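Here is a structure to explore together. Please take a moment with the sequence and the 3D view before reading on.

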Amino acid sequence: MFDAAFAPAPGAHDTAPQRELEPLREAGAFEALVREIGEDGACEVRTVFWRETCARLALFRTLALGQHRGRIAREAHSLKSTARTFGYLRLATLALRLEDTAGALDDAEFGDLLQQMDAAFTAAKAQEPQA
């Protein structure tokens, strides 16, 4: 159900923190991956995800928004896709927001969104006992 009280104004960029109602992670996503590729493969791919996501989040901080909007949007698209694969819903939602708004964000909005993504990544990783 869509909650209009949390909807951004038309034309506005919604970089407000994610509501706690949005789950960090989709239950069963990793288990589904295990069924598809086996436990060893799923654990190996997840390890790569953590490493690449950490590197991608660091990369965002090195890119000047005014000069690299296209690259930022492409990197956000990749992050969104991989986060969804593992069921990290909050991180995927934030990456989608960055992908969709990279062309119009100002530096403050970009910085705020990166902070939210860092927090979502840290929280998602904390939920994984083997991470």
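This is a predicted model: local features need pLDDT of at least 70, side-chain atom pairs count only at pLDDT 80 or more; totals for chains, interfaces and linings use all residues.

## E99 and its partner

E99 has a relative accessible area of 22% and is therefore partly exposed (under 20% is buried, over 50% exposed and in between partly exposed, with a 1.4 Å probe and protein chains only). Its side chain forms a salt bridge with K80, with the closest N and O atoms 2.9 Å apart (a salt bridge is a side-chain nitrogen of Lys or Arg within 4 Å of a carboxyl oxygen of Asp or Glu). K80 sits in helix α3 and E99 in helix α4 (residues 89-101), so this pair ties together parts 19 residues apart in sequence. K80 counts as buried, at 9% relative accessibility.

Residues are numbered from 1 along each chain as its sequence is written, and side-chain values use heavy atoms, leaving out hydrogens and water.

## The overall fold

How many helices and strands does the protein chain have? The secondary structure comes to five helices and zero strands (DSSP runs numbered from the N terminus: H or I of at least four residues for helices, E of at least two for strands). Read from the N terminus, the order of elements is α-α-α-α-α.

The protein chain has 131 residues, and 35% of them count as buried. Among its contacts between residues at least 6 apart in sequence, 66% join residues at least 24 apart (contact means heavy atoms within 4.5 Å).

## Helix α2 beside helix α3

Two packed helices are described by the angle between their axes and the distance between the axes. For helix α2 (residues 39-62) and helix α3 (residues 69-85), the axes come within 11 Å and cross at roughly 155 degrees (axes are lines fitted to C-alpha atoms, for helices over the stretch in contact, with angles from 0 to 180 degrees between N-to-C directions). The two helices are therefore roughly antiparallel (over 145 degrees; under 35 is roughly parallel, 65 to 115 roughly perpendicular and the rest oblique). α2 passes α3 in a left-handed crossing (the near helix is turned anticlockwise from the far one by less than a right angle; clockwise would be right-handed).

On the α2 side the contact is made by F49, T53, R56, L57, L59 and F60, and on the α3 side by R71, I72, E75, A76, S78, L79, T82 and A83. By class, this contact has eight nonpolar, three polar and three charged residues (Ala, Val, Leu, Ile, Met, Phe, Trp, Tyr, Cys and Pro are nonpolar, Asp, Glu, Lys and Arg charged, and the others, Gly among them, polar).

Where do charges pair up here? R56 and E75 form a salt bridge, with the closest N and O atoms 2.6 Å apart. Since R56 lies in helix α2 and E75 in helix α3, the pair ties together parts 19 residues apart in sequence. E75 is buried, at 17% relative accessible area, and R56 counts as buried too, at 16%.

## Helix α2 beside helix α5

The axes of α2 and α5 come within 11 Å and cross at roughly 165 degrees. These two helices are therefore roughly antiparallel to each other, and their crossing is left-handed. From α2, W50, T53, C54, L57, F60 and R61 meet F110, L114, Q115, M117, D118, F121, A124 and K125 of α5. The residues of this contact divide into nine nonpolar, two polar and three charged.

R61 and D118 meet in a salt bridge, at 2.5 Å from N to O. That pair links distant parts of the chain, 57 residues apart: R61 in helix α2 and D118 in helix α5 (residues 107-126). Both ends count as partly exposed, R61 with a relative accessible area of 45% and D118 at 24%. In total, the structure holds four salt bridges.

## A closer look at V45

V45 is found in helix α2 and is partly exposed, at 39% relative accessible area. Which residues does V45 contact, leaving aside its neighbours within four places in sequence? They are I37 and F86. F86 is 41 residues from V45 in sequence, yet the two are 9.6 Å apart in space, C-alpha to C-alpha.
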